[in-house]
Amino acid sequence: MKFATKAIHAGQEPDPTTGAVMTPIYQTSTYWQKSPGAHKGYEYSRGTNPTRKALEDCLAALENCKYGLAFSSGMGATDAVLRLLKPGDEVITGNDLYGGSYRIFTKVYEKYGIKFHFLDLSKPENMVPYINERTKLVWIETPTNPTMRIIDIAGVAKIAKKHDLLLTVDNTFASPYLQNPADLGADIVMHSVTKYIGGHSDVVMGALLTNNEQLYKDLFFVYNACGATPGPQDSFLVLRGIKTLHLRMKAHCENGEKVAHYLKKHPKIDKIYWPGFEDHPNHDIAKKQMRGFGGMVSITLKDADLEETFRVASRFKVFSLAESLGGVESLVNHPTTMTHGSIPKEEREKVGVTDNLLRLSVGVEDIEDLLADLEQALS
């Protein structure tokens with residue numbers, strides 16, 4: 001099946017009891033057993049639930065994977081991958097990534113003796129000097145949050161496989177509509193489902209997708225044993241959201257492109273980060289591994305201090321000043337005090353996350369209204 005058909009149908013069959021076309025919300029914690037251990041595939045909803053299973057199968061199909069697991073948040077999914085490690089292991093990751101990922105790496109797992117190398121991975125070979133017998137995991141996101149750096153997934157995968165390293169790709173910014181890391185060699189694809197996949201800013205959820213059966217079993221053990229699993233109502237809402245993912249992503253991409261080109265010419269903008277520009281670092285890689293450039297655009301304001309940046313961020317009328325991204329509504333975010341506040345200032349600034357940077361999640365509203373809102377906020 002093609003993408004749109006998978007988004008609407010994958011993992012979902014008419015309900016065998018009633019014939020309901022939409023997957024029912026199985027709002028139950030436990031399941032009847034004919035005799036101990038003799039059940040219909042479901043025992044207790046922390047481990048498995050029919051509504052969640054339909055969602056997991058759909059997510060796996062969208063990423064061209066065999067196995068899917070849904071978590072109660074993107075950080076719950078991230079945590080499950082890190083639980084595959086043991087004290088003394090080392091991880092190679094990017095130096096420009098989501099603040100929540102940096103926080104769990106440094107504030108939680110470093111305490112348990114796991115070492116993280118934060119590197120510029122714009123060239124995959126930059127990781128080679130840091131690989132040793134203790135290296136177990138490579139964790140990348142592309143495009144990165146918030147400066148939209150593009151990492152060559154296939155290039156990183158080639159090195160990871162040569163050294164028998166596990167490669168996880170955070171595919172949140174691209175969504176499976178624009179990019180499929182498993183096709184490029186990733187072992188695990190991670191999503192904050194809260195964002196583009198859910199698409200309506202009404203659910204918090206994460207997911208892990210893989211083609212490796214043993215890896216799936218290992219992750220399922222963590223998933224079930226540690227219990228960061230979502231309920232059926234949230235699973236139902238995401239299933240419903242996925243049905244319009246292809247339509248929403250087309251609109252996000254179209255509006256994102258128009259906003260990016262408008263801002264590039266604006267006299268009050270210093271730098272603009274959007275991978276669709278030919279002069280964007282690794283633009284050629286983005287063209288090769290993505291099917292579009294998405295709706296995320298970051299900007300720095302020319303000669304603006306923190307006070308002026310706050311003034312601009314607070315002037316928007318259509319864009320909402322808020323955390324998160326990927327919903328149908330447009331959002332503006334100030335990373336240094338919001339999503340990336342947990343990263344030390346000196347580390348943020350090394351990769352361009354400065355006090356005058358704003359991140360835009362361009363929604364699917366009328367483009368004329370979005371451009372007018374940008375004009376008045378920047379005036």
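Cys-58 is buried, at a relative accessible area of 0%; buried here means under 20% relative accessible area, exposed means over 50%, and partly exposed is what lies in between, using a 1.4 Å probe on protein chains only. Cys-65 also counts as buried, with 11% relative accessibility. This is a predicted model, so local features need pLDDT of at least 70 and side-chain atom pairs count only at pLDDT 80 or more, while totals for chains, interfaces and linings use all residues. Residues are numbered from 1 along each chain as its sequence is written, and side-chain values use heavy atoms, with hydrogens and water left out.

Back to the cysteines. How many disulfides are there? The count comes to zero, where a disulfide is a pair of cysteine sulfur atoms within 2.5 Å. For Cys-58, the nearest cysteine sulfur belongs to Cys-65 and is 13 Å away. Seen from Cys-65, the nearest cysteine sulfur is that of Cys-58, at 13 Å.

Next, strand 6. It covers residues 188-192, and five of its five residues are buried. Helices (H or I, at least four residues) and strands (E, at least two) are DSSP runs, numbered from the N terminus. Which residues of strand 6 lie on each face? Ile-188, Met-190 and Ser-192 are on one side, Val-189 and His-191 are on the other, and all are buried.

Strand 6 has pairing partners, and two strands pair if DSSP finds at least two bridges between them. Strand 5, residues 166-170, runs parallel to strand 6 and is joined to it by three bridges. Within that pairing, Thr-168 has Ile-188 as its bridge partner. With strand 7, residues 206-210, the sense is antiparallel and there are five bridges. There, Met-190 stands opposite Leu-208.

Last, the largest pocket. Its volume is about 460 Å³. A pocket is found on a 1 Å grid over the protein atoms alone, as an open set of points where a 1.4 Å probe fits, with protein on both sides within 12 Å along at least five of seven lines; lining residues have an atom within 4 Å of a point. Grid points are joined across faces, edges and corners, and the volume is the space filled by probe spheres set on the points.

The lining has 26 residues, and those nearest the centre are Tyr-98, Ser-192, Thr-194, Lys-195 and Ser-324. Helix 3 (74-82) and strand 6 are the elements that give two or more residues to this lining. Helix 3 gives the largest share, three residues.
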